[in-house]
Amino acid sequence: MTLTLAQVPSRVGASAARPALAEQPIRLPDLPLLVADVPQALRVALSQEGVPCQDYVPGSRAGRFVLYDSTRLRPRLGEGQRSFDVDELRRIVGGNVWQELADERAGRFAWQIGPLAVEEVVARADRAALRWQLMSKLRAMVEAAGGLWMSIAAFPHPYQTAFNFRIDHDEYDAGDFAATLAIAERHADCVSHYVCASTHVRHSQVLQRLRGMHVGSHGFWHHTYRDASANLTNVSRGIDALAAAGIVPQGFAAPLGRFNRGLLAALESLCVSHSSEFGLAFDDLPFFPAGSSVLQIPIHPVCLGLCLDAAGSRFPAEKAGAVAAETALRHFLRMARDKHQAREPVFFYGHPAARLGRFPHLLRELFDFVGTLDGVWRVTLAEFAKWWTARAKISVQAFRRNGQIEVVAERCPVHYSPAVDYWRGDRAATLPLMNGRAVFACDAPLGEPRRPLRDAYPRRVARRWGWRDRLCRYLDWEYATPLEEIATHHWRGRTKRLLREVKA
Ligand SMILES: [Zn+2]
């Protein structure tokens with residue numbers, strides 16, 4: 001539920017009956033939470049969620065509640081302060097949630113979507129589901145201790161979700177490109193193009209057509225390497241090639257959705273603002289991977305291409321395309337509706353060549369459907385990265401006084417209207433921050449219970465890697481890089497090159 005300021009019971013200091021501040025017992029702010037030495041994965045989750053937090057410094061009176069880890073250092077509390085042991089939280093959630101959240105490896109998974117069993121290599125950890133469990137338990141602990149739970153809303157006021165379609169331009173096909181662009185350019189405010197430079201820079205009309213829209217880099221060669229220096233060369237060359245053709249790319253999406261720390265190091269050294277790899281995270285809020293300044297923007301990992309692959313092995317060729325397109329469209333519409341309801345970002349992706357360009361009605365119907373939903377922020381991923389980076393800098397302080405909650409925010413962005421979600425249990429009200437402030441009743445009316453969408457998603461099933469897949473990944477096998485450009489300073493490169501020579 002969203003309240004406007006007109007519905008807020010009264011302004012701070014407006015009540016003459018209220019005692020002066022000096023007459024009230026001194027109270028510490030309910031928020032921010034003070035965060036001592038806790039696992040980095042928890043810090044990332046709190047930041048994603050937008051929970052106001054501040055580093056704990058001994059003696060600090062900046063908040064009532066201190067999060068600490070009893071397996072590390074115990075904080076020395078001052079009068080009126082209370083602590084929560086996050087190791088207890090870990091035990092309540094079960095398993096080793098910190099390790100699971102910090103797992104950056106990908107695995108092979110399958111989903112049953114309509115008549116099709118589609119497969120993709122995506123993050124092993126379902127971060128969004130783990131974060132939901134963690135935050136629900138922590139919220140219950142804080143509320144049971146008489147505390148207050150609030151988060152900076154994931155979208156600027158008055159939006160309840162954001163929508164983007166990411167187009168990965170891997171191969172170039174003139175007809176498919178034109179058919180895709182005919183629809184995409186009518187929705188340039190919510191489409192982001194990530195362009196593989198090796199296949200596109202020689203087609204000057206392509207870049208001419210993309211000019212003025214959000215364009216990011218999809219590498220030079222269509223491969224994400226295991227080796228950090230090979231990634232640096234490839235990403236840097238991809239950016240330079242687009243820039244030389246007159247388009248300065250904003251952000252990056254790794255070929256094949258793969259992620260590794262070598263890639264991240266390359267993106268950091270090139271000051272890339274954001275990146276998007278379902279091999280690290282999918283269907284989740286954006287986040288900064290531990291120790292990194294490159295924002296990760298997760299998307300939904302199922303695309304038309306996966307449906308076409310699955311249909312090709314199950315249906316005769318003359319039927320496969322239509323079945324795949326219909327299945328993908330139904331899936332996108334359902335996901336868009338459910339994500340909108342669950343207040344999750346609606347971020348999809350697809351490819352023009354031999355896919356979207358052959359079934360452009362899919363894009364048209366998806367855009368039409370999203371146009372019927374309320375409160376949708378149509379946004380490019382570059383714009384969303386700017387918002388999310390600004391949101392991460394907002395600092396919030398919240399007090400309860402005389403049945404009211406007073407929120408004061410600092411470092412609010414000028415170009416966006418942030419809001420706070422005020423929670424009681426699993427219900428929340430969204431309240432805009434006006435000039436960095438909001439005041440509302442503690443018993444402000446709340447909306448419907450907020451639920452994670454995971455229960456409604458098609459269930460994903462882990463698949464085992466075959467020996468061939470394992471070997472290919474181990475050798476970083478691919479055909480995208482020309483033979484003479486395969487780096488041979490490492491045994492893996494030398495082996496790959498030798499095998500490619502033999503196969504040639
Ligand atoms: Zn690609």
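This is a predicted model: local features need pLDDT of at least 70, side-chain atom pairs count only at pLDDT 80 or more; totals for chains, interfaces and linings use all residues.
In which hand does α10 pass α11, right or left? The crossing of α10 with α11 is right-handed.

Two packed helices are described by the angle between their axes and the distance between the axes. Here helix α10 covers residues 304-312 and helix α11 covers residues 317-342, and they pack at an angle of about 140 degrees with axes 8 Å apart. Angles over 145 degrees would count as roughly antiparallel and those from 65 to 115 as roughly perpendicular, so α10 and α11 are oblique to each other.

Now turn to another pair, helix α1 (residues 40-49) and helix α4 (residues 127-144). Their axes come within 10 Å and cross at roughly 85 degrees. An angle from 65 to 115 degrees counts as roughly perpendicular, which is why α1 is described that way relative to α4. From α1, the contact draws on A45, Q48 and E49, while α4 supplies R131, L134 and M135. The make-up of the contact of α1 with α4 is 3 nonpolar, 1 polar and 2 charged residues.

A cis peptide bond joins L31 and P32, with omega about 15 degrees. You will find P32 in the segment before β1, the strand at 33-35. Another cis peptide bond links H157 to P158, and here omega is about 10 degrees. P158 sits in the loop between β7 (149-152) and β8 (161-169).

A354, a residue other than glycine, has a positive phi near 65 degrees, and its place is in helix α12, residues 352-356. Is A354 buried, exposed or partly exposed? It has 16 C-beta neighbours inside 10 Å, and therefore counts as partly exposed. N402 is not a glycine either, yet its phi is positive at about 50 degrees. This residue belongs to the loop between β15 (395-401) and β16 (404-410).

Definitions and conventions:
Residues are numbered from 1 along each chain as its sequence is written. Helices (H or I, at least four residues) and strands (E, at least two) are DSSP runs, numbered from the N terminus. A residue is buried if 20 or more other C-beta atoms lie within 10 Å of its own, exposed if 12 or fewer, and partly exposed in between; C-beta atoms are placed from the backbone. Axes are lines fitted to C-alpha atoms, for helices over the stretch in contact, and angles run from 0 to 180 degrees between N-to-C directions. Angles under 35 degrees count as roughly parallel, over 145 as roughly antiparallel, 65 to 115 as roughly perpendicular and the rest as oblique. A crossing is left-handed if the near helix is turned anticlockwise from the far one by less than a right angle, and right-handed if clockwise. Two residues are in contact if their C-beta atoms, placed from the backbone, lie within 7 Å. Ala, Val, Leu, Ile, Met, Phe, Trp, Tyr, Cys and Pro count as nonpolar, Asp, Glu, Lys and Arg as charged, and the others, Gly among them, as polar.
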